[in-house]
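This report describes selected features of a predicted model. The sections that follow take up contacts, a helix, strand pairing, charged pairs and aromatic rings in turn.

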Amino acid sequence: MIEKIELRTKLKSISMVSSNYSFNTLNKLNQHIENKIVCTYIPLKTEININMHLTTQSLLTTTCLTDNEIKICNYKDPLELNSFGVYQPLNLEFVDKVDVFLVPGLGFDMSGNRLGKGSGIYDQILSKYTGSFFIGVTDSQHIVDQIPFENHDISMNALITHDEFIEIKI
């Protein structure tokens, strides 16, 4: 889809802001994840690192690649680089249930639509966990008026920026 390609190019040229989170934003996030199984991502250099602010979850998990399939596993050291160029735990302990997913993206809109890198990996894994709560992690510069939406795209239930926790009205 040409619109997504053009939007990706534009958003890649805007650096993710690396600033401090407001107390209220972190408080709302930690209330949402309290005593829940949370799946986060191990950030690339171009992604926001939210993980150091997660304090109330019952279990922290992440995605991993095994036998050419994306799965969920406990988030623990040591880490290794997988074939997608993403870090994952070396010793995989799989998890079947996830309550909340923290999802990076190049851009989001206020309807919860997400623009990823184009591989569809997050849409594949999130589609297996339709009962979970999805939170897009971004900064205010990467929230745009509209993200082109396709049938296979998975929308977020909320967005978190450094200044706000935004619940999406679906």
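## Surroundings of Ala158

Apart from its neighbours within four places in sequence, Ala158 is in contact with Phe133, Phe134, Ile135, Gly136, Phe165, Ile166, Glu167 and Ile168. Ala158 belongs to strand S11. Its relative accessible area is 0%, and Ala158 is therefore classed as buried.

A further pair places this residue within the chain. Ala158 and Asp139 are separated by 19 residues in sequence, and their C-alpha atoms lie 13 Å apart in space.

## Helix H2 and its cover

Helix H2 comprises residues 23-33, and its buried residues are Thr25, Leu26, Leu29, Asn30 and Ile33. These residues lie on the same side of H2, because they span an arc of only 125 degrees around the axis. In general, an α-helix has 3.6 residues a turn, so residues three or four places apart point the same way. On the face of H2 turned away from the buried side are the exposed residues Phe23 and Asn24.

Several strands contribute to the cover over the buried residues of H2, including S1 (37-40), S6 (100-104), S9 (133-137), S11 (158-160) and S12 (165-167). Just after H2, Asn35 adopts a positive phi of about 60 degrees.

## Strand S2 and its partners

Strand S2 covers residues 59-66, and seven of its eight residues are buried, so the strand is largely enclosed by the rest of the structure. On the S1 side, S1 and S2 pair in the parallel sense through four bridges. Within this pairing, Thr40 stands opposite Thr62 of S2.

S2 also pairs with S3; the two run antiparallel and are joined by six bridges. Here the bridge partner of Thr62 is Cys73 in S3. S2 and S3 form a hairpin with two residues between them, and Asp67 in the turn has a positive phi of about 50 degrees.

## A three-stranded open sheet

Three strands form an open sheet of mixed pairing, in the order S8-S7-S10.

The pairing of S7 (residues 107-109) with S8 is antiparallel and consists of two bridges. In this pairing, Phe108 stands opposite Arg114 in S8.

## Salt bridges

The model contains six salt bridges. In one of them, the side chains of Asp153 and Lys4 meet at 2.8 Å, N to O. Asp153 lies in the loop between strand S10 (143-144) and S11, while Lys4 lies in helix H1 (residues 2-12), so this pair ties together parts that are 149 residues apart in sequence. Both Asp153 and Lys4 are buried. A network of salt bridges links Lys4, Glu150 and Asp153.

Lys128 forms a salt bridge with Glu69, with the closest N and O atoms 3.8 Å apart. This pair links distant parts of the chain: Lys128 is in the loop between helix H3 (121-126) and S9, whereas Glu69 is in strand S3 (residues 69-74), 59 residues apart. Lys128 has a relative accessible area of 51% and is exposed; Glu69, with 35%, is partly exposed. Glu93 forms a salt bridge with Lys76, the closest N and O atoms being 2.3 Å apart. Glu93 lies in the loop between strand S5 (87-89) and S6, and Lys76 in the loop between S3 and strand S4 (79-81), so the pair ties together parts that are 17 residues apart in sequence. Glu93 is partly exposed, with a relative accessible area of 37%, and Lys76 is also partly exposed, at 28% relative accessibility.

## Aromatic rings

The number of aromatic pairs is two. Phe101, Tyr129 and Phe134 are linked into a cluster by ring pairs. Phe134 is also among the residues in contact with Ala158.

A charge also sits over a ring: the charged end of Lys71 is positioned over the ring of Phe94, 5.0 Å from its centre.

Definitions and conventions. Residues numbered from 1 in each chain as written. Predicted model: local features only at pLDDT ≥ 70, side-chain atom pairs only at ≥ 80, totals over all residues. Heavy atoms only, no water. Phe/Tyr/Trp six-rings, centres within 6.5 Å; stacked < 30°, edge-to-face > 60°. Lys NZ or Arg CZ within 6 Å of the ring centre and 35° of its normal. Buried < 20%, exposed > 50% of the residue type's maximum accessible area, 1.4 Å probe, protein only. Arc of directions from axis to C-beta. Contact = heavy atoms within 4.5 Å. Salt bridge = Lys/Arg side-chain N within 4 Å of Asp/Glu carboxyl O. Pairing = 2+ DSSP bridges.
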